[in-house]
Amino acid sequence: KSPSYELERLLRVAKAQRGVNMCILILIVCYAVGIASGALDAANRRTNSPSGPVAGIAGLVILGVYILQVIYVYRLASALESGVPILWVLGILCLSCIGLILLLYLSHKANQELRAAGLKVGLLGGNPKDVERKMAGG
């Protein structure tokens, strides 16, 4: 495969990995908000105070993130060209805990490929701009 194809593939990997990692972080925050809201609701029921719609909003955000997660996982699995059937990946993603493990595994594989290409990898994965600079010859 040509070097330009490999750089384009790495760009797809970096962009999809960033999306997957953002989904993971947003889900963690939403779960924490949902747990805190549940505890707040329990306390409010004891004192007969009205509780806010925080859990409902967090639930809607989680639903939106799940949709984005499917899109980014599809893109990442396609870009990694790992040979694992993408339908299996998307099916496993529906199982909550196993889906999170799958996300972490895909992110780890993306980190390995980006590091092997000499790119820096941070909390959100590889920076797509670094790959674009490398594509431009920088």
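**Around helix 5**

Author: Let us begin where helix 5 starts: there, a side-chain oxygen of N127 comes to within 3.0 Å of the backbone nitrogen of K129. Such a polar contact is a pair of N or O atoms within 3.5 Å, and within protein one must be able to donate a hydrogen and the other to accept it, while residues adjacent in sequence count only if both atoms are side-chain atoms. This is a predicted model, in which local features need pLDDT of at least 70 and side-chain atom pairs count only at pLDDT 80 or more, while totals for chains, interfaces and linings use all residues. Residues are numbered from 1 along each chain as its sequence is written, and side-chain values use heavy atoms, with hydrogens and water left out.

Reader: Which residues of helix 5 are buried?

Author: In helix 5, which covers residues 128-135, P128, D130 and V131 are buried, meaning under 20% relative accessible area with a 1.4 Å probe, counting protein chains only. They lie on the same side of helix 5, because they cover an arc of only 160° around the axis, taken from the directions from the helix axis to the C-beta atoms.

Reader: And what follows helix 5?

Author: G137 follows helix 5, and its phi is positive, near 100°.

Reader: Zooming out, how many helices and strands are there?

Author: The protein chain has five helices and two strands, in the order α-α-α-α-β-β-α from the N terminus. These are DSSP runs, with helices (H or I) of at least four residues and strands (E) of at least two, numbered from the N terminus.

Reader: Which residues have the most contacts inside the largest nonpolar core?

Author: That core has 20 residues, and those with the most contacts inside it are V13, V20, L76, L80, L106, L114 and V131. A nonpolar core is a set of buried Ala, Val, Leu, Ile, Met, Phe, Trp, Tyr and Cys residues joined through side-chain atoms within 4.5 Å. Helix 1 (3-47), helix 2 (54-80) and helix 4 each give two or more residues to this core, and helix 1 gives the most, with eight.

Reader: What does L80 touch?

Author: Leaving aside residues up to four places away in sequence, L80 touches R9, V13, L106, K109, A110 and E113, where a contact means heavy atoms within 4.5 Å.

Reader: And S107, is that buried or exposed?

Author: S107, in helix 4 (residues 96-116), is buried, with a relative accessible area of 8%.

Technical notes:
Buried < 20%, exposed > 50% of the residue type's maximum accessible area, 1.4 Å probe, protein only.
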